[in-house]
Amino acid sequence: MAASMTIRNIVKQAIFIKNGSIGINSKLNVAHKSTHRAHNPNYNRTSAEVTLALRPKQNFLHHDLVDKHRRSPLQKGTEVLQTETEVKAPRDYRFVMPEFMPRPNFEDRDRVLEKLERCDMFRRRTNITIPEFYVGSIMAVSISDPYAPNKRNRFVGICIDRGGIGLKAYFVLRNVVDGLGVEVMYQMYNPTVHSIEVLKLEKRLDEQLYYLRNCPLEYSTFSFDMEPVLLPRDAEIPVNTLKVKLNPPPWEQKWERQNLKGIEPLELTPRMIRGIEMHLKPWEKYDLMLHYRSKVPEEEEEQIMSEVYKEKLKQDSLRKVTKATLRKKK
């Protein structure tokens, strides 16, 4: 029995060697060792493995070759052009639309709110044309009035003040009606405003003209049927150097202390002179930080005004297109 088992084992070993099982096992062991080496971080690749990794692949170009093709003269004119070009606003454009300028005090600023307000102002300007105007311009404003015969009220007057920031921007018009001085304050972006017209575009020597309240009525009287005075295209805004004469005191404010340029020289009393000397602040013109805090930084001003100017050009082009289409329909 033992002899038969020994012969059987010898035959099995012979068949095993004949089929090459020993070679297969050795290959498996080598593969196992190679995979074990690949996971080793300190393993150095052989030259065969390096050439295999660097073999030319399908649809693959080396980055040096790609750059060479891009620099070739055949690629001229195929560069990707920028769809939007940078638009810079004219210098001192903040005087044309001062309501878009943010508050100079950083403690009162909210950049998200400022951005949302600018978007609302742009949207409002698509429905109504707000022309360029300054303090001293003669304007006509039409608003909705439920008590008027035609549900609209039109007022003509000289702009004596302009202020406010964002959606709270306002301007004040003054005129004489039935021998009485009448002043109306309009919210520029109020939806009840139907139209804003500039009958005569000009500037005055002062930023506010409230002293017209203490002047003869002739300086504040304008006809409601006044025809628009057109300026040549690309002409400079004229500055009206008229100096008005104040009525005798008492006045509404102490105008002698405000260094006004648009009034005639005043006959000052000793009491007025003492008041002027008491309220003088000659150091303010040398206070650099006061001037810095009273304005927005130039970089931010340029960025905001460029955005506003770009949007204005877009709206003007849309208005031209709509006018052209309406003419064709007629």
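Student: Which residue in β3 is the bridge partner of cysteine 159?

Tutor: Leucine 173 is that partner. Strands here are DSSP runs (E, at least two residues), and helices are runs of H or I with at least four, numbered from the N terminus. Two strands pair if DSSP finds at least two bridges between them. β2 and β3 (residues 170-177) run antiparallel, joined by 5 bridges. Before we go on: this is a predicted model, where local features need pLDDT of at least 70, side-chain atom pairs count only at pLDDT 80 or more, and totals for chains, interfaces and linings use all residues. Residues are numbered from 1 along each chain as its sequence is written, and side-chain values use heavy atoms, leaving out hydrogens and water.

Student: What lies between β2 and β3 in the hairpin?

Tutor: There are 6 residues between them, and glycine 164 in the turn has a positive phi of about 85°. β2 also pairs with β1 (residues 138-144), antiparallel over 7 bridges; there, isoleucine 143 stands opposite asparagine 153 of β2.

Student: How many residues of β2 are buried?

Tutor: Buried means under 20% relative accessible area, exposed over 50%, and partly exposed in between (1.4 Å probe, protein chains only). In β2 (residues 152-163), 9 of 12 residues are buried.

Student: Why do the buried residues of α5 line one face of the helix?

Tutor: An α-helix has 3.6 residues a turn, so residues three or four places apart point the same way. In α5 (residues 111-125), the buried residues include Glu114, Glu117, Arg118 and Met121. Seen down the axis, the buried residues fall within an arc of 160° (taken from the directions from the helix axis to the C-beta atoms), so they line one face. On the other side, Val112, Leu116 and Arg123 are exposed.

Conventions
The expected span of a helix is 1.5 Å times one less than its number of residues.
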